[in-house]
Amino acid sequence: YRRHFDWPVTSRSGQRVTGERLSKMTSALGETAMKVGRGRIYPWEFDRKGKLPAWHLLDRLNYFSLYQAPVFQPQPEGSLPQAYEMRFLRCQSIEFSSAFHELVELPGRDFCFEAQLIFVGKTSWMYETKVVDRTTGRELATLRVQTVSVDYNTRRPKPLPDWVMEQYRHLTSLARPASVQPFDLSGTKPAFVYPVTVAPSDIDGNLHTNSSQYLRYCFDCATAGAKRGAYSIINGDLLDYDVKSVDLLYQKESLEGDVLHVESWEDIREPDTIKFQVKRGDDNLLQCKIRFCIPSVPVIEKAKL
């Protein structure tokens, strides 16, 4: 899913620069590290109840966002050191608006998006992508991503070069936006555990499990758990529950053929949320929180009486 394409990118001054190509999409990369474009959600991307799965949107946004764009491109090219040797996707979070569930339905819709850097730190940077319905202008979803510069040999965070800090100094001085933080449920027995074997079709261009596939694993776990009555509030058909938000914290990589276990919990402090820990043996690979749209807790308790 992280293959590279060639596509024409035009700056706001009209000058053509090198970038990547994605079918039926137009984009622009301006001096403020902003990228805009458009796309379409197609009928075959929907599930059996006519909803767009969250991992499909995540996969699409990873294509359309700054994650693939040459944001830290030294000017002129070759005169300065590259911004990073390697990069590691630390976390992603998606917020879905009510318009997403009202408007995104079969047979599909046209949308536009805007992705821009919102913060640059010593070793990492964050960007935000907004998805907007082209017909109504209503905002559908917002994605935030944190990426870390990593040393090729040590696999440890590596400071960004001075020219990056200077070029984006207006972003380095900002307060760091909120990002996904780890949770600890080690002392609590999982409500439901779901086994997964990483399939060849789940692998990205780096021969690791694609980042959006972990979200699919978590949804499959919740679907099976809800059907079997493993959770006290979210039960039955998971597709009956709209998604409010998703948080993903990446911890380690996995490979084709790896046998994973997706552990899931409810949290009484967040009754609309299911938390997940994806493991390979004793190794923690990913934490995830999925928040669903459910009736208020008092309404649920009254209904049980």
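Mentor: Start with a definition: helices (H or I, at least four residues) and strands (E, at least two) are DSSP runs, numbered from the N terminus. This is a predicted model: local features need pLDDT of at least 70, side-chain atom pairs count only at pLDDT 80 or more, and totals for chains, interfaces and linings use all residues. Residues are numbered from 1 along each chain as its sequence is written, and side-chain values use heavy atoms, with hydrogens and water left out.

Trainee: How many helices and strands does the protein have?

Mentor: Six helices and 13 strands.

Trainee: What follows helix 5?

Mentor: G229 does, and its phi is positive, near 75°.

Trainee: What span should helix 5 have, and what is the distance between its end C-alpha atoms?

Mentor: The expected span is 1.5 Å times one less than the number of residues. Helix 5 covers residues 211-227, 17 residues, so it should span 24 Å. Its end C-alpha atoms are 26 Å apart, which agrees.

Trainee: Which residues touch the most other members of the largest nonpolar core?

Mentor: A nonpolar core is a set of buried Ala, Val, Leu, Ile, Met, Phe, Trp, Tyr and Cys residues joined through side-chain atoms within 4.5 Å. The largest has 65 residues; F96, L215, F219, F276, C288, I290 and F292 touch the most other members. Helix 5 gives the most to this core, nine residues.

Trainee: What is L215 in contact with, leaving aside neighbours within four places in sequence?

Mentor: Contact means heavy atoms within 4.5 Å. On that basis, L215 meets A54, W55, L58, V246, L248, C288 and I290, leaving aside neighbours within four places in sequence.

Trainee: Where does A99 lie, and is A99 buried or exposed?

Mentor: A99 lies in helix 2, residues 98-103. A99 is buried, at 3% relative accessible area. A99 and E139 are 40 residues apart in sequence, yet 6.9 Å apart in space, C-alpha to C-alpha.

Trainee: Where is R109 found, and which backbone oxygen lies 3.4 Å from a polar atom of its side chain?

Mentor: R109 sits in the loop between helix 2 and strand 6 (110-120). The backbone oxygen is that of L103. Beyond four places in sequence, R109 touches residues including G39, D133 and T136.

Note on methods. Buried < 20%, exposed > 50% of the residue type's maximum accessible area, 1.4 Å probe, protein only. Polar contact = N/O pair within 3.5 Å; in protein donor to acceptor, adjacent residues only side chain to side chain.
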